[in-house]
Number of protein chains: 2
Amino acid sequence: MKIDPSSPADLSAQIAAAIRDAIVEGRLIVDERLPSEAELADQFSVSRPTVREALKRLAAQSLIRTQRGATGGAFVNRLSFEAAQAQQITTSTLLLSMNDVSFETACEARFTLERACAALSAARCTADHLAAMRAEVHRQSQPGLTDEAFCASDVAFHRALVDGACNPVLSYQLAGAVEAMQPLMNMITFTARDRARIVALHGAIADAVAARNAAAVTAGLTALEEETQTLAHRVFAARRDRDPA
Amino acid sequence: MKIDPSSPADLSAQIAAAIRDAIVEGRLIVDERLPSEAELADQFSVSRPTVREALKRLAAQSLIRTQRGATGGAFVNRLSFEAAQAQQITTSTLLLSMNDVSFETACEARFTLERACAALSAARCTADHLAAMRAEVHRQSQPGLTDEAFCASDVAFHRALVDGACNPVLSYQLAGAVEAMQPLMNMITFTARDRARIVALHGAIADAVAARNAAAVTAGLTALEEETQTLAHRVFAARRDRDPA
DNA sequence: TGCCAAATGAATGTCAGACATTTAAATGTA
DNA sequence: TACATTTAAATGTCTGACATTCATTTGGCA
């Protein structure tokens, strides 16, 4: 592992990249301990703070963890599905909020991906997954539920549907698509709330899953997408009327 | 923005979290300049190295960028689709390599997601997308292509297919699924290379896209998935025979 | 002998101060 | 006015020190 001191890039960035490559290429394996900060500083011929900045960069990506104390140090982290999902959700949320992606595009992407799970979920989902979906549908039908709680339940419903495919890689990939939409959906439900219709569609989807009817699940999701798009159009149209600037 | 000095967590992690929250919640907007490192150190009552570690954590996630010089400082970054995709690919690759996900599961997830794009891509893809797909098919049919180059072309073909859906959010989401599979696919093509069959399937998919025939695109992808799974099974069976340990 | 408590040492976490480098803006001069 | 120089502000880096954590070792005591 070598770095180029004459490069215009930060030394800490170069060191982080060198270690990251070593991890990605398997030269450093899970739970392996890296040399101590002082040793790394020697190896790269830099000072300890520079090494520390590099290690913090890697820690921010969950590539390593650090322990204090006698047997402490930096260890290669086993990237868990949870950590990966959390990162993905943050990234997706920021991506949507910073790039003025149209609601239409984001909504289309989300439901396109979710429909991809429909067949697998209908075929494989367990009683637990189905119970989770039913529970969320029931919660959503309670009066007096705040908008935030309704949206959270909405997300939980879809997560259960996706997890029903029993493919953790698929669940991970879809986490960003489903969760990052929550802020955008909030934006709508505040004004154009039509909960009964959404709850009915959720119920229909749950029924279709219970019946192992993939086509009906897909149809339910498509109906939900259309409903969402319609609501969004109505909201945006109302905004244009009220605030033509 | 406040931190708790008595918390067991690192100060730099707390500071990074505080700033990250401010960005996610919109209190800091794109291209806004953060206070200088010295000012942040004052605000949080910590030293400058600690602030720097926090900023490096955020830089590692592409949340901020830093500039040197008179008008320099840390600026909130507009998270680009490219940066988000690069992160997602790294994360997905590590997730697969560190969690002994079965080839079957990963392959299923990949093709399930890709099939989700089939209809959109068949309906919308431009001449450019189609030309890119054709070019990759042609490249793959060249003799003397290294395994690495063949796999890279394979990935490029699928990227073109996904991009054909003309939905950047969808492209972003699928980047990890498609690109992270490349190492796993390498593992196979080294031993059980059957390029002609794969090239033929790619050609059929390109033809189906050109004909705007969504069902045929889906069928082509399914055939490709079956081919890949069969190859994988053959390789794993051969390994078991040769190396029963 | 066996067990518990205190000292040890190695590692990370934090701080203070200094210097180097980069960059844009202000300043001065032809 | 145009160009060269100076200046100042900011990040990048280094040195050295101290604080804190924690497994290990050591010591004492029953």
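**View 1. Arg68(B) sits in a loop of chain B.** Arg68(B) counts as exposed because it has 8 C-beta neighbours inside 10 Å. Helices (H or I, at least four residues) and strands (E, at least two) are DSSP runs, numbered from the N terminus. Arg68(B) and Ala210(B) are 142 residues apart along the chain, and their C-alpha atoms are separated by 50 Å.

This is a predicted model: local features need pLDDT of at least 70, side-chain atom pairs count only at pLDDT 80 or more, and totals for chains, interfaces and linings use all residues. Residues are numbered from 1 along each chain as its sequence is written, while chains are lettered from A and ligands numbered from 1 in the order in which they are written.

**View 2. Chains A and B are two copies related by a turn of 180°.** Chain B can be laid on chain A with an RMSD of 0.2 Å. The shift along the axis is 0.1 Å. The two copies are thus related as by a two-fold rotation axis. The superposition is by least squares on the C-alpha atoms of residues with pLDDT of at least 70 in both copies.

**View 3. Chain B meets chain A.** The contact takes 41 residues from chain B and 41 residues from chain A. Two residues are in contact if their C-beta atoms, placed from the backbone, lie within 7 Å. On the side of chain B that touches chain A, the elements giving two or more residues are helix 1, helix 3, helix 4 (81-98), helix 5 (103-124) and helix 8 (168-179) of chain B. Helix 4 of chain B has the largest share, ten residues. By class, this side of chain B has 22 nonpolar, twelve polar and seven charged residues. Ala, Val, Leu, Ile, Met, Phe, Trp, Tyr, Cys and Pro count as nonpolar, Asp, Glu, Lys and Arg as charged, and the others, Gly among them, as polar. Of the interface residues of chain B, 100% are also interface residues in chain A, so the copies meet through the same surface.

**View 4. Cys117(A) and Cys117(B) belong to the largest nonpolar core.** This core has 96 residues, and these two cysteines touch the most other members. A nonpolar core is a set of buried Ala, Val, Leu, Ile, Met, Phe, Trp, Tyr and Cys residues joined through C-beta atoms within 7 Å. Not counting residues up to four places away in sequence, Cys117(B) touches Leu161(B), Val162(B), Ala165(B), Leu170(B) and Leu174(B). A second, separate core has 36 residues, including Ile15(A), Val76(A), Phe44(B) and Leu58(B).

**View 5. Residues of both chains surround DNA strand C.** There are 23 of them, and the closest are Ala70(A), Leu11(B), Val46(B), Gly69(B) and Ala70(B). A residue is near a molecule or strand if its C-beta atom, placed from the backbone, lies within 6 Å of it. Chain A supplies at least two residues each from helix 2 (37-44), helix 3 and strand 2 (73-76). The surface near DNA strand C divides into eight nonpolar, ten polar and five charged residues.

**View 6. DNA strand D has 24 residues around it.** Leu11(A), Ser47(A), Thr50(A), Gly69(A) and Ala70(A) come nearest.

**View 7. Helix 1 of chain B has buried residues.** Among them are Ser12(B), Ile15(B), Ile19(B) and Ile23(B). Their cover includes helix 3 of chain A together with helix 2, helix 3 and strand 2 of chain B. Gly26(B) follows the helix, with a positive phi near 85°.

**View 8. Ser45(A) and Asp100(B) lie in loops.** Most residues other than glycine have a negative phi. Phi of Ser45(A) is positive, near 55°. Ser45(A) lies between helix 2 and helix 3 of chain A. Phi of Asp100(B) is also positive, near 25°. Asp100(B) lies between helix 4 and helix 5 of chain B.

Definitions and conventions: A residue is buried if 20 or more other C-beta atoms lie within 10 Å of its own, exposed if 12 or fewer, and partly exposed in between; C-beta atoms are placed from the backbone.
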